[in-house]
Amino acid sequence: MFLNTNFPKAKKYWYEGKFRDWSEGGLHPMMHALHYGTCVFEGIRAYSTAKGPVVFRLPEHNDRFLLSAGVAKMKCPYTKDEITGFIKQTVRANELDSCYIRPLLFYSYGNLGLVPKACPVELAIGAWEWGAYLGENAARGVSAYIVPWRRVHHTQFNMSAKLGGVYVQSTIAGLEAREQGFDEAIFLNMEGRVAEGPGQNVFIVKGGTLVTNGRLESALEGITRTSILELGQDLGYKTVVGPITKQDLFGADEAFYCGTAVEVIPIVTVTDGSDPTMPKTLHSIGSGKPGPVALRLIQAFGDAVSGRNPRYEKWLTYVAK
Ligand code: PMP
């Protein structure tokens, strides 16, 4: 029996073609994914609009989901169109207007050698109401902590995939940042430059230019990041995709995280804990308060996802259709 205390308004989850009550479990503890993180997942949001709930950039999320499956050498038993249908059904079955959606594809029960030769690939989809990822106060700006561990390098693994096992590094970095008293972590890459947050991309603003990094800096090229680049350009800002050094970050006029879960959240301080042999240093970003560019982008992003700006209707998939 599972309570949905931390999954508000979750009623049912989709599992291999059927809906189950949220409180129902029943997967075998010897399934492959539980032991080795051999699963791939997506994090997607649906938003309430005047014309009913919409999923934000669903085709792009599903493309990445199938890319991740390919990286994990999984034969996904479903097509992109089928997954799109199951996701919409899951939002409808939970009667949610806005929610977070989690599709998970995993090597299930079969064998426990590292090579999952007898494990079927199974799909589960959950949807629940998930508010502000970093808490309701995060809109006022968050404190970031540069953790001592460098992000898995893009030459070590395909970091464009969302593979469960790789997220162990993110989980531990997130725990470490909070244990040290900060809101969220930032990873440097092997080159010593900014990579990303545990589940977010990082942007800086300098002299009215928006800067974020990409795959070659060992960052996932997030869907929110791509949307913010487009929104920023449409608002008349210059945008640059390229490396961000620690000094660029500390000396920025503004910085923010972006991602599906976090949406757009200003970073107002960064504490450098990247070298465990040195004392930590605290850097206030710009005025130490959310800056005008971030605030404008938050507004523009909110308008886009809620269907209030027809220009970005192209990003919305109506759940009812
Ligand atoms: N980086 C990492 C490591 C992530 O897990 C995520 C969340 N998917 C992001 C960046 C942001 O990506 P998106 O905007 O597509 O959610």
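Mentor: What follows describes the ligand and the residues around it. This is a predicted model, in which local features need pLDDT of at least 70 and side-chain atom pairs count only at pLDDT 80 or more, while totals for chains, interfaces and linings use all residues. Residues are numbered from 1 along each chain as its sequence is written, and side-chain values use heavy atoms, with hydrogens and water left out.

The ligand sits in the second largest pocket (an open set of points on a 1 Å grid over the protein atoms alone, where a 1.4 Å probe fits, with protein on both sides within 12 Å along at least five of seven lines; sitting there requires more than half of the ligand's atoms within 2 Å of the grid points). Around the ligand are 15 residues (a heavy atom within 4 Å), and the closest are Lys162, Tyr167, Glu196, Thr224 and Thr260. By class, this shell holds four nonpolar, seven polar and four charged residues, with Gly counted as polar and Tyr as nonpolar.

- Thr224 has a polar side-chain atom 2.5 Å from a ligand oxygen.
- Lys162 places a side-chain N or O atom 2.6 Å from a ligand nitrogen.
- Arg64 has a polar side-chain atom 2.8 Å from a ligand oxygen.

Of the 380 Å² of accessible area that the ligand has on its own, the protein covers 96% (Shrake-Rupley method, 1.4 Å probe).

Key:
A polar contact is a pair of N or O atoms within 3.5 Å; within protein, one must be able to donate a hydrogen and the other to accept it, and residues adjacent in sequence count only if both atoms are side-chain atoms. On a 1 Å grid over the protein atoms alone, a cavity is a set of points where a 1.4 Å probe fits but cannot get out, and a pocket is an open set with protein on both sides within 12 Å along at least five of seven lines; lining residues have an atom within 4 Å of a point.
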